[in-house]
Amino acid sequence: MARSGGDYRLGTDEPVVIIELGVTSWCNYRCAYCVTEVHARRGDARHAFDHHPVDAWVAAFARVPYELSLLCRGGEPFLDHDGFAPFLTAMTALPRLRYLRVDTNGSWSPARYDAVPRPARARVQLNVSFHPTQLGLDAFARRVDAIVAAGWHVAMINYVMAPGQAADYPRVRDFFLDRHGLYVNPNPDAYDPAWTDLPRVRRAAQDPLRALLPALDLARKTGTPTAGRPCFFPSIAYFVGPDGVAARACDARLPDEPARLDFLRDSARLRPRAAPVPCPQPTCLCLDRYAFLDDAEPRGRRIDLLDEYVEACRAHQRDPGAASG
Ligand code: SF4
Ligand code: SF4
């Protein structure tokens, strides 16, 4: 039987709609495993607030006729403090906003975001990625210190690692637990062949992670196929690019709707579905997406998917033998 309910009200005509906004392709880092197109200069980048003014974006979000969960991705969204600060301030004031998260590499200066009111900072969840190929632990820790001191809500440190860096995970985990009580996510570089190639190699590469990640996350993050499985994520989620073009998430194509929609003009026409759709992708790496697969229950139940995930991972690390969601 298909799953339903939860905070996202899956299976109903009034779900909470998820919007993943690609804020910018501008990024100051060059990670070999980066899955998106990035540009070193803003002038070369696709950037939301160069395509449309902040007010026009906020007005489009305000016209979405459903409660909203917003995820901001890049590039590095915080590089543009002139645009992103007023955007965050206005978005956190929208009555239908239930949740807002930003994926960031943490390289920005909190002083440039002083204009964002403290209650708004506390409401914006940050998933701060640590890229050890780009900077050392001490330099990264100083940046996290400054962000936390400025009152931002850091929900998780995302430690992006090649197989050779997995052995260092306990040290990084304990470091941030002691320093700020923060959870460090062991995130394998999914495009490293060791995680995904020949089954025997893959099993050996997975071994160090088995005690750290619940089975369902280990499978997803190391390339176990998802194609064709029923999933509610595209039913309730849209991807919106920096140019304002919206498409149903995961490139899922449904026969009775246009493939693309102008979000700035037509955000009132988003149409979530009350049934799951077959996964159109070969694999799925993102914890807040695969949480809506039929077999991922009890995930995808809480509005705060990151908190749900962190809790499951911490429980698994305490007791890897117990069943964990
Ligand atoms: S920081 Fe993120 S967006 Fe930037 S290059 Fe690295 S993985 Fe890509
Ligand atoms: S499993 Fe992942 S890629 Fe497939 S439909 Fe669900 S969210 Fe999309």
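In this predicted model, the largest nonpolar core comprises 84 residues. Val17, Ile19, Leu68 and Tyr238 have the most contacts inside it. Strand 5 (residues 153-161) gives the largest share of this core, six residues. Nonpolar side chains tend to be buried together in soluble globular proteins. Beyond its neighbours within four places in sequence, valine 17 is in contact with Val64, Tyr66, Leu68, Ile236, Leu270 and Pro272. One of these partners, Leu68, is itself listed with the most contacts inside the core.

Helix 13 was examined next. Helix 13 covers residues 305-318. Its 14 residues should span 20 Å at 1.5 Å a residue, and its end C-alpha atoms are 20 Å apart, so expectation and model agree. The buried residues of helix 13 are Leu305, Leu306, Glu308, Tyr309, Ala312, Cys313 and His316. Viewed down the helix axis, these buried residues fall within an arc of 160°, and therefore line one face of helix 13. An α-helix has 3.6 residues a turn, so residues three or four places apart point the same way. The face turned away from the buried side carries exposed Arg314 and Arg318. The cover over the buried residues includes strand 3 (97-104), strand 4 (125-130), strand 5 and helix 12.

Leucine 306 counts as buried because it has 21 C-beta neighbours inside 10 Å, where 20 or more are required. Residues up to four places away in sequence aside, leucine 306 touches Arg101, Gln125, Asn127, Ala155, Met156 and Asp288. Aspartate 82 is 224 residues from leucine 306 in sequence, and their C-alpha atoms are 28 Å apart.

Two ligands are present, each with its own shell. The shell of ligand 1 is made of Cys27, Tyr29, Arg30, Cys31, Cys34, Thr36, Val38, Gly74, Gly75, Glu76, Asn105 and His131. By class, this shell holds five nonpolar, five polar and two charged residues. Gly74 and Gly75 belong to the shell of ligand 1, and the peptide bond from glycine 74 to glycine 75 is cis, with omega near 10°. Glycine 75 sits in the loop between strand 2 (68-73) and helix 3 (81-91).

Around ligand 2 lie Thr226, Cys231, Phe233, Pro234, Cys250, Cys279, Gln281, Cys284, Arg289, Tyr290, Phe292 and Leu293. By class, nine are nonpolar, two polar and one charged. Helix 10 (233-236) and helix 12 (287-290) each supply at least two residues of this shell.

Glutamine 281 is one of the residues around ligand 2. Glutamine 281 lies in the loop between strand 11 (277-278) and helix 12. With 17 other C-beta atoms within 10 Å, glutamine 281 is partly exposed. Setting aside residues up to four places away in sequence, glutamine 281 touches Thr226, Ala227 and Cys250. Thr226 and Cys250 are also listed around ligand 2. Glutamine 281 and aspartate 295 are 14 residues apart in sequence, with 16 Å between their C-alpha atoms.

Several backbone features were noted elsewhere. The peptide bond from glutamate 297 to proline 298 is cis, with omega near 15°. Proline 298 is located in the loop between helix 12 and helix 13.

Positive phi values were found at arginine 9, aspartate 251 and glycine 181. Arginine 9, a residue other than glycine, has phi near 55°. Arginine 9 is in the segment before strand 1 (17-22). Arginine 9 counts as partly exposed because it has 17 C-beta neighbours inside 10 Å. Aspartate 251, also not a glycine, has phi of about 65°. Aspartate 251 is placed in the loop between strand 9 (245-248) and strand 10 (261-262). Aspartate 251 has 11 other C-beta atoms within 10 Å and is therefore exposed, the cut-off being 12 or fewer.

The 12 residues of helix 6 (residues 169-180) should span 16 Å at 1.5 Å a residue. The end C-alpha atoms of helix 6 are 16 Å apart, which agrees.

Terms used: Residues numbered from 1 in each chain as written. Chains lettered and ligands numbered in written order. Predicted model: local features only at pLDDT ≥ 70, side-chain atom pairs only at ≥ 80, totals over all residues. Near = placed C-beta within 6 Å. Helix = DSSP H or I, 4+ residues; strand = E, 2+ residues; numbered from the N terminus. Nonpolar A, V, L, I, M, F, W, Y, C, P; charged D, E, K, R; others polar. Contact = placed C-beta atoms within 7 Å. Core = buried A, V, L, I, M, F, W, Y, C linked by C-beta atoms within 7 Å. Expected span 1.5 Å × (residues − 1). Arc of directions from axis to C-beta.
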